[in-house]
Every structure is written in C-alpha cells, then in structure tokens.
Amino acid sequence: PRPAPEIREAWLLAAQEEDAEAAGWCARLCEDLQGAEAFAASDGLDAFISVAMGQSVKGSGGLMVALAEALTMEMSEFKVAIFETLCAAAQWPSLKGRIAGCGVLGVITAKLLSPRPHPPSKALMARLCGMLATDSPEVRQLGDTRRATEFARLREQLIASGAVKALVAMLSAGAIEAASAAGAIEKLAEAASEEISAAGSSCGSTGDSMTAETKEREHPNESCHGTFDKTIQELISSAAVPAMLKRLVAPDNNNDAEDELVALEAIASSLSKLMTLEGCTELIAPITEPTTVEDLCKVLGVASRGHHDLGGFSEQRKMVQHLLRCLHHLGTKHDCWPEFSKDLAEDLYGLLLFRCAAAAPFLQAILLKLPTSDSAAFLCYFERKRLHQALQELMNNSIDVGSSAAVIKILDSFQQCHRCGVIGSFPACGNCKLVAYCSKECQRSDWKS
C-alpha cells in the first residue's frame, strides 16, 4: 500500500488541475483492494465521484452540466481516467455500493446513449453499467434484501433510460465495445436470474402448491410472486442473444483480428454463462434452436482447424474453450445435442490432441448420451493410442482429471480391430488371444499381411 500522504497528493493534483496522469495513477492504485480502500479512506473516492457528477473544485457545475457534457461532448483523457478509477474501485464489494448509490449511473447511461461515437468511452461506460447495476455475487449470497432492492432499482433505471437496448446495439459495433457490452449483459442476466431463483425459493418455503420447477416450466422468467423480471424481459425484447449469436457466427473482418477475437471470446463466454442460469428459458431459446446448435458446431470446426481469418487454433483457444462449454451445457442442461457426425468427432479429436481441456467433458457427455454401439461408432474417428496419450497428459497436468479419466474408462471398455482400427465389442483372436477383429474378413486379411 502507498503512503496516505502520497495518495492524497495524487488525487488532489488530479481533481484540482484536471491532471489525467495523476488520475490514471489513482485508477491503477484501485486495481488492488488495499490500494482502493486506502484511496477511499483518503477521501479520494468521494472527490472523484463529485468530479464524475459534474462538480469542480471551485464549486461550479453540477449533475445537469455533467449530463449535458456526457450527451454532447467527447470525454477528455482526464474524465476517462476518473471513470476508470471508479470502475477499478467498483470491483470491490466494500466500495461497490458506495459508488452505485451516488447517482453517477445517470451520467454513465447518458454517455452510453450519446450519439458521439468514441469506442473506448462507450466500452468503459458499458463495463460500468454492468458493474454498478449488479451487486457482487458473494454479497448477493448474504441475502441483504435492502441492498438487493437498491440494485434492482438501478437495473430498472437502466431499462427506463434505454441503456440495455444501447448495450445490445453495441454487440454489432467495434470489437472493444462488443466485448464490454457482452460482459455487461452477462452480469445483468446473472443478477436477474439470482433474483428469480431467490423468489422461487421464497415461494417454495411459504408452502405454495406450485413448485418452483413447475413455475419455471409454465411461466419462464416469472417469479413466484407473479411479476416478470424486467431485466430478462428487456434482454428478450432487445434480442440480446440473437445479436450475440450473429456476431459469433459472422465476425466483423474489418476489425483488427486480435481485437475481434477479444470480442468473440467475451460473447462466447457470456453465452456459455447464460446457458447455466435459472429462470432464463425464454432468453436462451434462440440458442437451443437446432440450426443454431449446428452453426455453433461450424464455428467450432473452423476455429479448431485454423481455417479462419482470425488465425489458427492457438490464437482462438479461449474462444474454442467457451464454445465447447456452451455446447456441453446445451446438451446436458437443455437436451439440445448437435448431430454426432464425423466432422464433430474429428474436431474433438484434433482439439484433444492440442490438449484443449474443455473438449474432454464434452466428449464424455456425448459418449454417455449415445448407446454403446453408437459410442463405438463415434470413437472410430479417433486414433486410440494418440487419444489415450492426450487424455493421460491432461490428467497428469491436473488440467481435467475427472472427464479425461471417464473417457479413458469408456475407451478401454471397447476393443479395436487389429486390421481396420474400428472400435467396438469384438472377440479376441482365438489363437493368440492378444488382438481382436471386427470381422472374419479383417482377420483373414490380417493373416495374409
């Protein structure tokens, strides 16, 4: 931690002289919890909130000035650094409520809705929307009803202002904006999902004759108190998920490849997370369409084989991992499976050879889903020895122990034809007892060779 006098000197310099470098130093300080709390203790956080709200050290300005500037003017480097400091401090639960409750979200949404395009500022505002309208997961678990109500009110403020629709529109904008918007949408949906889940639990505890599970099936996105969650409904009406899928399936090749990959990683990660949330059946419905599942498999195939303008597998590894998790959740949680084709098998085989950890759980789920004979047919596209080696290496490196071990166990339960390599349940050779053949033809052919 930096000395308190040094911290105070830095934020005073920033606030009094509108010094962007000093404000940036404060932003970096707040990336650490101790630094952020020391910054707040020195009154720096309150000072920066006042600046963000339009106040100057001379006492002029105010909220209306801040809103007007947000809508009509580009942010100076100093103002950007001020909001970056608030963003860094807001990641810590001990400070998040203090920032969220000060009213600065109005200025943030005004900048988000501004017709002046400035991608870095828009991306920063999107991140702040996601952070300040949702409480920290660890705090939500404590069940503070009053605090939960305040954050719900902030989300309603976002909806009323049109900020959620603006976030969805950003998914088709520049790469940095799309990545930030995807992260914000994920946070909003996660917070709303937890509220729906908590309402369902409350409903069950009061002896309601309709269980939470029945309520979810019959009234997607509706709490047991009969009120639809406004955040989920706004995301549905804004077509948030279709916008994510559109960007993922058809990337913007006009962007820098590295930047576009960051956007695609964020979108794939958000889609994977949405698949695990309760109370979001209607929101994720577009992902569960058979054509969408096949589109995701095509994206996976293109990325895994390196046939992409965005680079090879090594560059797209993170996006591929998120895609695999998304497909895994689609199958195991929503019973939406892709076609178990040769292409999918070869893609998974290649990914495992590249030691892609997320491929093992997905392969395990597929093998458990298929009947024994179909599992053997699916594994025919894998070279047994190399697959076994790849899975063993994942286990040895503690990357994925459970799924890799399960796939090895399934693999070892089958024999491999010594002649053609096909996998299945075959009898061992009656003479040597060491090898197996899938047919008499393969056995005779192997004798001749």
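**Exercise 1. Confidence along the chain**

Task: In this predicted model, determine which helix has the lowest mean pLDDT and which has the highest.

Solution.
1. Among the elements of the protein, helix H14 (residues 212–218) has the lowest mean pLDDT, 48.
2. Helix H2 (residues 20–29) has the highest, 97.
3. The pLDDT lies below 50 over residues 205–213, a stretch with five contacts in the model beyond near neighbours in sequence.
4. Residues 215–228 also stay under 50; for them the model has 34 contacts beyond four places in sequence.
5. Where pLDDT is low, the predicted coordinates should not be read in detail.
6. For the protein as a whole, the mean pLDDT is 86, and 90% of the residues reach 70 or more.

**Exercise 2. The exposure of Asp32**

Task: Locate Asp32 and decide why it counts as partly exposed.

Solution.
1. Asp32 belongs to the loop that joins H2 to helix H3 (33–41).
2. The relative accessibility of Asp32 is 42%.
3. Buried requires a value under 20%, and exposed a value over 50%.
4. Asp32 is therefore classed as partly exposed, at 42%.
5. In sequence, Asp32 and Trp92 are 60 residues apart, while their C-alpha atoms are 8.9 Å apart in space.

**Exercise 3. The nonpolar cores**

Task: State how many residues the largest nonpolar core has and which of them have the most contacts inside it.

Solution.
1. The largest nonpolar core has 139 residues.
2. Those with the most contacts inside it are Phe48, Phe83, Ile287, Leu324, Leu348, Phe378 and Phe382.
3. Helix H13 (residues 175–205) gives the most to this core, contributing eleven residues.
4. Apart from neighbours within four places in sequence, Phe378 is in contact with residues including Phe340, Leu344, Leu348, Leu363 and Leu370.
5. A second, separate core has seven residues, among them Phe426, Cys429, Ala436 and Tyr437.
6. In soluble globular proteins, nonpolar side chains tend to be buried together.
7. Of the 449 residues in this protein, 49% are buried.

**Exercise 4. A pair of packed helices**

Task: Describe how helix H16 (residues 240–249) and helix H18 (residues 290–304) pack.

Solution.
1. Two packed helices are described by the angle between their axes and the distance between the axes.
2. For H16 and H18 the angle is about 35°, and the axes are 10 Å apart.
3. The crossing of H16 past H18 is left-handed.
4. H16 makes the contact through Leu245, Leu248 and Val249, and H18 through Thr292, Asp295, Leu296 and Val299.
5. By class, this contact has five nonpolar, one polar and one charged residues.

Definitions and conventions: Residues are numbered from 1 along each chain as its sequence is written. This is a predicted model: local features need pLDDT of at least 70, side-chain atom pairs count only at pLDDT 80 or more; totals for chains, interfaces and linings use all residues. Side-chain values use heavy atoms; hydrogens and water are left out. A nonpolar core is a set of buried Ala, Val, Leu, Ile, Met, Phe, Trp, Tyr and Cys residues joined through side-chain atoms within 4.5 Å. Buried means under 20% relative accessible area, exposed over 50%, partly exposed in between (1.4 Å probe, protein chains only). Helices (H or I, at least four residues) and strands (E, at least two) are DSSP runs, numbered from the N terminus. Contact means heavy atoms within 4.5 Å. Axes are lines fitted to C-alpha atoms, for helices over the stretch in contact, and angles run from 0 to 180 degrees between N-to-C directions. A crossing is left-handed if the near helix is turned anticlockwise from the far one by less than a right angle, and right-handed if clockwise. Ala, Val, Leu, Ile, Met, Phe, Trp, Tyr, Cys and Pro count as nonpolar, Asp, Glu, Lys and Arg as charged, and the others, Gly among them, as polar. pLDDT is the predictor's confidence in each residue, from 0 to 100.
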